[in-house]
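Me: I've got a structure open and I'd like to learn how to read it piece by piece. Can you walk me through it?

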Amino acid sequence: MDQRTILIGDVHGCHRELEALLEKLKLVPGEDRVWFVGDLINKGPSSRAVWELYRQSQGQAILGNHELSFLEVASGRPHKHEKYFKKLKKDFGPQFDSFLQDVRSWPLWMEDRDLMMVHAGLIPGKHPDATDPWALTCIRTWDGKGEDLQNESNPPWFDFYEGTKLLVFGHWAALGGLDRPNIIGLDTGCVYGGSLTALVLPERRLVRVKAFETYCAIS
Ligand SMILES: [Mn+2]
């Protein structure tokens, strides 16, 4: 059997749902290749418990806007996520430094021969290595210029994606996931009471666990 590649959507501290999802997938650490789409932390019950499950899965993760903000605050820059930072420090306790060190090693995107993963999306026609990290982790829509990446009266960025690689992203929970021939959106809003979604390759199967609770209001 081919090695499985399992891509996991935005967990946002929902450790019980992540545990249930890994069980449902019958994940074998070290055998399955596991990629997390970013935003593992904040909003939900325990970022630390999620990080521990992520470590046990022997997976890799890319940076979401929440990890990017976390790194901003950690390097002393003023940021609106300072409140989250204090909570993380408390939640992680003695493990905080190893968590920080780990997140510092996460890339902004991952790709191989026929697959690419980025947290929020791509600027049309641009490779991620030529794209601002905030755009990669926050983009929702495309205005034709790149001045406003959030305005929902503009078309979504993925309407412009013409790549042949399967592109997997998260971040946009209100979409409730996306399934197109060359694009899959994995954020199904677990922390908002939706579900946690994984994509299993090569069979291209979507596996979901429903949220046990609604942990916060959608934003
Ligand atoms: Mn996000």
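Me: Let's start with Lys-43: where is it found?

Reply: This is a predicted model, so keep that in mind throughout. Lys-43 sits in the loop between β2 (33–36) and α2 (47–56).

Me: What is the phi of Lys-43, and what should I make of the value?

Reply: The general idea: most residues other than glycine have a negative phi. Here, Lys-43 has a phi near 75°, a positive value in a residue other than glycine.

Me: Which loop holds His-171, and what is its phi?

Reply: Look in the loop between β6 (166–169) and β7 (178–180). His-171 has a positive phi of about 75°, although it is not a glycine. His-171 is also buried, because 25 other C-beta atoms lie within 10 Å.

Me: Now the helix α2. Which of its residues are buried?

Reply: In α2 those are Ser-47, Val-50, Trp-51, Leu-53 and Tyr-54. They cover an arc of only 160° around the axis, so they are on the same side of α2.

Me: What covers the buried residues of α2?

Reply: The cover includes α1, β2, β3, α4 (82–92) and α5 (96–104). While you're there, check what follows the helix: after α2 comes Gln-58, and its phi is positive, near 55°.

Me: On to the sheet. In what order do the strands come?

Reply: The general idea is that strands of a sheet pair through backbone hydrogen bonds, either parallel or antiparallel. In this case five strands form an open sheet, in the order β3-β2-β1-β9-β10, and the pairing is mixed.

Me: Which are the edge strands?

Reply: Look for strands that pair on one side only: these are β3 (60–61) and β10. Helix α1 (residues 15–24) packs on the sheet, where it touches β9 and β10. The direction of α1 makes about 140° with that of β10.

Me: How do β9 and β10 pair, and over how many bridges?

Reply: They pair in the antiparallel sense, over six bridges.

Me: What kind of peptide bond joins Leu-201 and Pro-202?

Reply: For background, most peptide bonds are trans. The bond between Leu-201 and Pro-202 is cis, with omega about 10°.

Me: Last one, Gly-193. Where is its place, and what does it touch?

Reply: Gly-193 is in the loop between β8 (183–185) and β9 (195–201). Leaving out residues up to four places away in sequence, Gly-193 touches Ala-211, Glu-213 and Thr-214. Gly-193 has 15 other C-beta atoms within 10 Å, so it is partly exposed. As for Gln-3, it is 190 residues from Gly-193 in sequence and 32 Å from it in space, C-alpha to C-alpha.

Technical notes:
Residues are numbered from 1 along each chain as its sequence is written. This is a predicted model: local features need pLDDT of at least 70, side-chain atom pairs count only at pLDDT 80 or more; totals for chains, interfaces and linings use all residues. Helices (H or I, at least four residues) and strands (E, at least two) are DSSP runs, numbered from the N terminus. A residue is buried if 20 or more other C-beta atoms lie within 10 Å of its own, exposed if 12 or fewer, and partly exposed in between; C-beta atoms are placed from the backbone. Two residues are in contact if their C-beta atoms, placed from the backbone, lie within 7 Å. Two strands pair if DSSP finds at least two bridges between them. Axes are lines fitted to C-alpha atoms, for helices over the stretch in contact, and angles run from 0 to 180 degrees between N-to-C directions. The arc is that of the directions from the helix axis to the C-beta atoms.
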